[in-house]
Amino acid sequence: MTASCCFQDGNPQGGRGWVTRFAPSPTGFLHLGHAAAALVAWNAARDSGGRFLLRIEDIDPGRCREAFEAAIVEDLAWLGIVPDGVVRRQSDHMADYRAVLDELARRGLLYPCFCTRADIRRETAEAAHAPHHAPDGTLAYGGTCRGLSAAERAERIAAGVPHVLRLDMARATAEVGGDVMNWREWVGGERRMVSAPVAPFGDVVLARKDCPASYHLCVTHDDALQGVSLVTRGEDLRPATSVHRLLQVLMGWPAPEYVHHPLLLDDEGRRLAKRDRAQTLRALRAAGHDAQAVRDAAMGKAALPA
């Protein structure tokens, strides 16, 4: 397993140092892959004289647990990673995300969607010539509910029909002047301008009943609020950057720069997951590995001793 991330130390915009963040969800114990992600952000902030923030992304009440949140702080401290400032817990700030949703709705950019996942799978299968999947691998929504009248929407909501809130992609991209999103990304030690279309994602979900605000909305809001200037995250999240850039432009939020680092893989080439308990940081600690050895393994400098 290897993990590396090479980019120029220091923030080229004003020389103030990078503001980075590590934003895990408390749905299980941290594993070696989380350690790699945290260390990339920590090192970027520390080496540039910036700030490293910890954010708890606990917007899914059905899966998140306080015990896992406490374990996150404990495991990071064991690695020698201590965040700057107060830890932001997203569940404490739902009113902030609601305000963003209200603003998008006021501008006519949101609509309620009453389709179930089964409905979407069926419609996708029937649309033989349409793209079936968004760039991130999720099913692309065809927009069935987009054309419902205001009266039809109100009637279904009044009847208690479950629904999500979707971003009207066509209206949103028209408002910002186009479908192609641009951002600065560090690749192989070089700072590059990257472009990608956002329309292939379709009308993305920004809120649902069991999760009042989506990952896309919360992460972009919080990065702007907290002044994050360098977003470091796994390369599996690179495709979502165009959605995040669209929300940033729509809301007038500043654009951070990005680093998408490789994911740690197991011996069979699969990405590490929380279900792999043998690789959790506390399991490694209990097995007698010291923090430096785990840090080195997470950053690909050395394998953990057997």
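How much area do domain 1 and domain 2 bury between them, and what share of it lies on carbon and sulfur atoms? I shall begin with that question, and I note at the outset that the structure above is a predicted model.

First, the division of the chain. Domain 1 comprises residues 9-92 together with 262-305, and domain 2 covers 93-221. Their C-alpha centres are 29 Å apart. Where the two domains are in contact, domain 1 contributes 14 residues and domain 2 contributes 16 residues.

Now to the answer. The size of an interface is often given as the accessible area lost when the parts come together. Here domain 1 and domain 2 bury about 1,100 Å² between them, and carbon and sulfur atoms account for 50% of that area.

Arg88 returns when we turn to charge. Side chains of opposite charge can pair when their charged atoms come close. Between domain 1 and domain 2 the count is one salt bridge. Arginine 88 and aspartate 96 are joined through their side chains in a salt bridge, with an N to O distance of 3.2 Å. The residues of domain 1 that touch domain 2 comprise seven charged, three polar and four nonpolar ones.

Let me now widen the view to the structure as a whole. The count of salt bridges comes to 23. One of them pairs arginine 55 with aspartate 222, whose closest N and O atoms are 3.9 Å apart. This pair links distant parts of the chain, 167 residues apart: arginine 55 belongs to strand 2 (residues 51-56), whereas aspartate 222 lies in helix 7 (residues 215-225).

Finally, the aromatic residues. The structure holds three aromatic pairs. Among them is the pair of phenylalanine 29 and phenylalanine 68, which is edge-to-face, with 5.0 Å from centre to centre and 90° between the planes. This pair, too, links distant parts of the chain, 39 residues apart. Phenylalanine 29 sits in the loop between strand 1 (19-22) and helix 1 (32-48), and phenylalanine 68 is in helix 2 (residues 66-79).

Note on methods. Residues numbered from 1 in each chain as written. Predicted model: local features only at pLDDT ≥ 70, side-chain atom pairs only at ≥ 80, totals over all residues. Heavy atoms only, no water. Domains from an automatic or database assignment. Contact = heavy atoms within 4.5 Å. Buried area = accessible area lost by both parts, 1.4 Å probe. Salt bridge = Lys/Arg side-chain N within 4 Å of Asp/Glu carboxyl O. Nonpolar A, V, L, I, M, F, W, Y, C, P; charged D, E, K, R; others polar. Phe/Tyr/Trp six-rings, centres within 6.5 Å; stacked < 30°, edge-to-face > 60°. Helix = DSSP H or I, 4+ residues; strand = E, 2+ residues; numbered from the N terminus.
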